[in-house]
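Shall we learn to read a protein model together?

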Amino acid sequence: MVRKSQPQGRPELRVLILSDIHSNLEALESVLEDAEARGGFAQIWSLGDLVGYGPDPAACLDLLARYDHQAVAGNHDLASIGKLSLEAFNPHAAAANRWTASQLTEEHAEYLGGLPLKLEIDEFTVVHGSPRDPIWEYVVSEPAAVASFYHLDTERCLLGHSHVPFICEPRENGVAFLEFALDSPVSLGDDHLLINPGSVGQPRDGDPTASYAVFDADAEQLYHHRVAYDIPATQAKMRRHELPQPLIDRLAEGR
Ligand code: ZN
């Protein structure tokens, strides 16, 4: 399944960019299948929150481990292994994190505990929240975006955390948040950009389908894709594990 083409010594020809998988195996499998059908990928970059909220933390970690991938830690990843206090989470998220902790092996915990907060790969900085605060900061406002550009040592930054896809570029008097249009290439020049691929496992932009991005290193282009997955199957598992009802409901609403 994993392609390993490496022309001119480039480590990745096409990179699958995933964020906020949140233990949603149906969504992750659908994204992997969809990305494979759209031309495949050599590597995966994960922007954090692999676990938390959803019903399949162990299976998602095991599936990702089968791929050549690089990943950073998200707030839920650290909370589920006790490296971040649950007091900072709302009651539903905290309850899901406690349940997640009970599902992880020592090996899983070691993997999550070893994830870096920030990666720099070529011209990309990879974080969960923001370059200024990789764990907690939501880049959803102009001040946060301005600060993100200020704290960036690379041209581009891939980030997640808000579960809302966007592209953000600096303007003379601030920044502009642009729609990350579906299925059409975004050409990357020397411009500074913040890119959020949206969430695989718990989208919050009103569209419940799984959201992800692909970086075509050869063409220097980015793509945003969405794919439907079996939401009722994920919800049924969450009910079985008695995960909080609002977390179950929100999957179908995409909020
Ligand atoms: Zn998240």
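The dialogue below moves from the sheet to a helix, then to salt bridges and a cavity.

Q: What should I know about the model before I start?
A: This is a predicted model, where local features need pLDDT of at least 70 and side-chain atom pairs count only at pLDDT 80 or more, while totals for chains, interfaces and linings use all residues. Residues are numbered from 1 along each chain as its sequence is written, and side-chain values use heavy atoms, with hydrogens and water left out.

Q: In what order do the strands of the open sheet lie?
A: In general, strands of a sheet pair through backbone hydrogen bonds, either parallel or antiparallel. Here six strands form an open sheet in the order β4-β5-β6-β10-β7-β8, and the pairing is mixed. At the edges are β4 (118–121) and β8 (174–178), each of which pairs on one side only. Strands are DSSP runs (E, at least two residues), helices are runs of H or I with at least four, and both are numbered from the N terminus. Two strands pair if DSSP finds at least two bridges between them.

Q: How many bridges join β7 to β8?
A: Strand β7 (residues 166–171) is joined to β8 by five bridges, and the two run antiparallel. Ile-167 stands opposite Leu-178 in β8.

Q: Which strands does helix α6 lie across?
A: Helix α6 (residues 142–150) lies across β7, β8 and β10 (193–196), at about 105° to β8. Axes are lines fitted to C-alpha atoms, for helices over the stretch in contact, and angles run from 0 to 180 degrees between N-to-C directions. Contact means heavy atoms within 4.5 Å.

Q: Which residues of α6 are buried?
A: Those buried in α6 are Ala-144, Ala-145, Ala-147, Ser-148 and Phe-149. Their cover includes β7, β8 and β10. Buried means under 20% relative accessible area, exposed over 50%, and partly exposed in between (1.4 Å probe, protein chains only).

Q: How many salt bridges does the structure hold?
A: As a general idea, side chains of opposite charge can pair when their charged atoms come close. The structure holds 11 salt bridges, each a side-chain nitrogen of Lys or Arg within 4 Å of a carboxyl oxygen of Asp or Glu. In one of them, Lys-237 pairs with Glu-26, with the closest N and O atoms 2.5 Å apart. This pair links distant parts of the chain, 211 residues apart: Lys-237 is in helix α7 (residues 231–240) and Glu-26 in helix α1 (residues 25–37).

Q: Are Lys-237 and Glu-26 buried or exposed?
A: Lys-237 is buried, with a relative accessible area of 17%. Glu-26 is buried too, at 12%.

Q: Which residues form salt bridges with Arg-38?
A: Asp-34 does, with the closest N and O atoms 2.9 Å apart. Asp-183 also pairs with Arg-38, at 3.6 Å between the closest N and O atoms. Arg-38 itself is partly exposed, with a relative accessible area of 35%.

Q: Which residues line the largest cavity?
A: A cavity is a set of points on a 1 Å grid over the protein atoms alone where a 1.4 Å probe fits but cannot get out, and lining residues have an atom within 4 Å of a point. Lining the largest cavity are His-22, Asn-24, Tyr-53, Gly-54, Gly-201, Gln-202, Met-238, Leu-247 and Leu-251.

Key: On a 1 Å grid over the protein atoms alone, a cavity is a set of points where a 1.4 Å probe fits but cannot get out, and a pocket is an open set with protein on both sides within 12 Å along at least five of seven lines; lining residues have an atom within 4 Å of a point.
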